[in-house]
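These are my notebook entries on the structure shown below.

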Amino acid sequence: MAQMTYAEAIRDGMRVEMQRDPNVILYGEDVGLFGGCFGVTAGLLQEFGPERVIDTPITETAIVGSAVGAAAAGLRPIAEVMFVDFMGVCMDELLNQAAKMRYMFGGKARLPLVVRTPCGAGMSAAAQHSQSLEALFTHIPGLKVVMPSDPADAKGLMVAAIKDDNPVIYIEHKQLLNVSGEVPEGEYLVPLSQAEIKREGSDVTIVAWSWMVSKALAAAEILAKEGINAEVLDPRTLVPLDKEAILKSVGKTGKLVIVHEAVRTNGFGAEIAAIVADEGFDLLDAPIKRVTAPDTPIPFAPVLESAYLPNEEKIVKAVKELF
Amino acid sequence: MELTKEKLLSMYRTMVRIRTFELKVAELFAAGKVPGFVHLYVGEEAVATGVCANLTDQDYITSTHRGHGHLIAKGGQTKLMMAEIFGRATGYCKGKGGSMHIADVGLGILGANGIVGAGQPIATGAGLACKYKKTNRVVACFFGDGASNRGTFHEALNMASIWKLPVIYVAENNMYGISNYQRNHMNVADIADRAAAYGIPGVAVDGNDVVAVYEAAAEAVARARKGDGPSLIECKTWRHRGHFEGDPAIYKNPEEQAAWLKKDPIPRLEAKLLDLKYATQADLDQVQAEATAEIEEAVKFAESSPIPSADDVLTDVYAD
């Protein structure tokens, strides 16, 4: 095990796969010389050269669209889109091309591509650089959606995403990039579609992902002092979702609180709530609660942004309403 | 460039096969035998044929919503295409794609595409793969005049230009973006002029003259294979029919339509073949007879093929 930040772990996952498979290439805006807007790709240009680590023009449509073509023609591209907010510029390439080619071609295409993109608020970057847009991608069959919450998962899920023969949207959180943790060295893979219990508990299940896992864990510590033993479950991959793990945990605790940073309406939490209501209604001893951002764009002023974000206090309050 | 008799005859056969396929699809559509909607290539056969005559099975193409001609010119099988248009399980896409999404990835055909301009970045990415793998393969990217107004056009050509990717961008200028005449949707007479913005060669050719298309494509393909980067070829052509089958095309000027019909690429090549004594009228009739038989066979294959199993709605979403 090595101590690494989340950013270093993502880079290590890419490095391991680039060393193993010469068909893996990385490209995007400023990923080479600059090392990526958040430093995630630092050093990879020096290690793998400009044929494999390629600085692109500011041209998200062509970055993602060309990744689709490169994947169809035999490479395994990792395309970086500098902020998830910019995905709007390449939505056709994701929703009409990457996601559908295999199906529309009757299963005769493989599109092994990864689109890496950072999400999340907390930097006073306002509404065009702070969003959590995972629900958009989960609504499009054909895409897989991955959101790691700690350094070990960041590496293991990156390796799995690169090895996967499908288009994977890999969403990293800006607030986690400098968080350190133990990360296995060398080849290390976390299978897609496998949730993890980040904290065992018996009284309530809190499902959270990405940055919100740390908020849920902090809330669980506060709750523990008050005699409520919360289980924190991180799905890690939203599509395909490990719903059995969620149902199993709710079966154990009888209560469910879902926490996500994205806005409330049609957030992925609504899908999880619907699955549990549909397939696990008998498991529930209380209504399902969601702790989310409000349905507003993300404000700039720190006090407003802080009010916008879910946090441990809001999670604790939601949990207590169930008891 | 002096084209051999064999090359000219081969291109003639391809054009006749495309025309025959398309007119049969029109007939089937009118008879209510095929679902969905279809966009036919009638009148534009010289473009796909002239470009693809320069390609090998290893090269790639991206196509458009008007894709049947590209697929046939690149070597796609008409019976699998017809079965797909009928929505049969034996079709190229097992009935999941239909007319607008036919693909044969093994033959380098990265798909017809229902989104105008979407093929441009995909072709660029395939070009990136060709260059990276040093395979000496090239990519031909077909798109219409309307697609040259999309952002994808700018982004794809810019990217291919800076990275010197082996892509031949082929603008099929049939003068109409659906119903909107060229003068109303762009302020340049030649799409080829737009190449200057990316520092790559741009040439406008008579897209109804298969020899002119072939020669322009030959130069662009040679340039791409040498590693000198992309080119833009604008082929000026005309779709004889509406944007889609059932479109009465009231936006077309009848005199202009009549003038263009006189420039139909197939009779033009026939005249050339007869003039050069590369073929007799009987030879040409034979080509047509063979094409007719082939397409009849394709229709029989499609009509006698099984429809997909309803269970198949769930398969092919993800690769294992």
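Entry 1, a pair in chain B. I find that the side chains of Asp206(B) and Arg268(B) meet in a salt bridge, 2.8 Å from N to O. I count a salt bridge when a side-chain nitrogen of Lys or Arg is within 4 Å of a carboxyl oxygen of Asp or Glu. Asp206(B) lies in strand 6 of chain B and Arg268(B) in helix 10 (residues 265–275) of chain B, so the pair ties together parts that are 62 residues apart in sequence. Helices (H or I, at least four residues) and strands (E, at least two) are DSSP runs, numbered from the N terminus. Asp206(B) is partly exposed at 32% relative accessibility, and Arg268(B) is partly exposed at 30%. My cut-offs are under 20% relative accessible area for buried, over 50% for exposed and partly exposed in between, with a 1.4 Å probe and protein chains only.

I note the basis here. The model is predicted, so to speak of local features I need pLDDT of at least 70, and side-chain atom pairs count only at pLDDT 80 or more, while totals for chains, interfaces and linings use all residues. Residues are numbered from 1 along each chain as its sequence is written, chains are lettered from A and ligands numbered from 1 in the order in which they are written, and side-chain values use heavy atoms, with hydrogens and water left out.

Asp165(A) sits in the loop between helix 7 (151–163) and strand 7 (168–173) of chain A, and Arg110(A) in the loop between helix 5 (101–104) and strand 5 (114–119) of chain A, so the pair ties together parts that are 55 residues apart in sequence. Asp165(A) is buried at 17% relative accessible area, whereas Arg110(A) is partly exposed at 44%.

I read an open sheet of five strands in the order 1-2-3-7-6, with parallel pairing. Two strands pair if DSSP finds at least two bridges between them. Strand 1 (60–62) and strand 6 (202–206) of chain B are at the edges with a single partner strand each, so one side of each has no neighbour in the sheet. Strand 2 (residues 139–144) and strand 3 (residues 167–173) of chain B are joined by six bridges. Cys141(B) has Tyr169(B) in strand 3 of chain B as its bridge partner.

I place Ile266(B) in helix 10 of chain B, and Ile266(B) is buried at 7% relative accessibility. Leaving aside neighbours within four places in sequence, Ile266(B) is in contact (heavy atoms within 4.5 Å) with Tyr12(B), Met15(B), Val16(B), Arg19(B) and Glu45(B).
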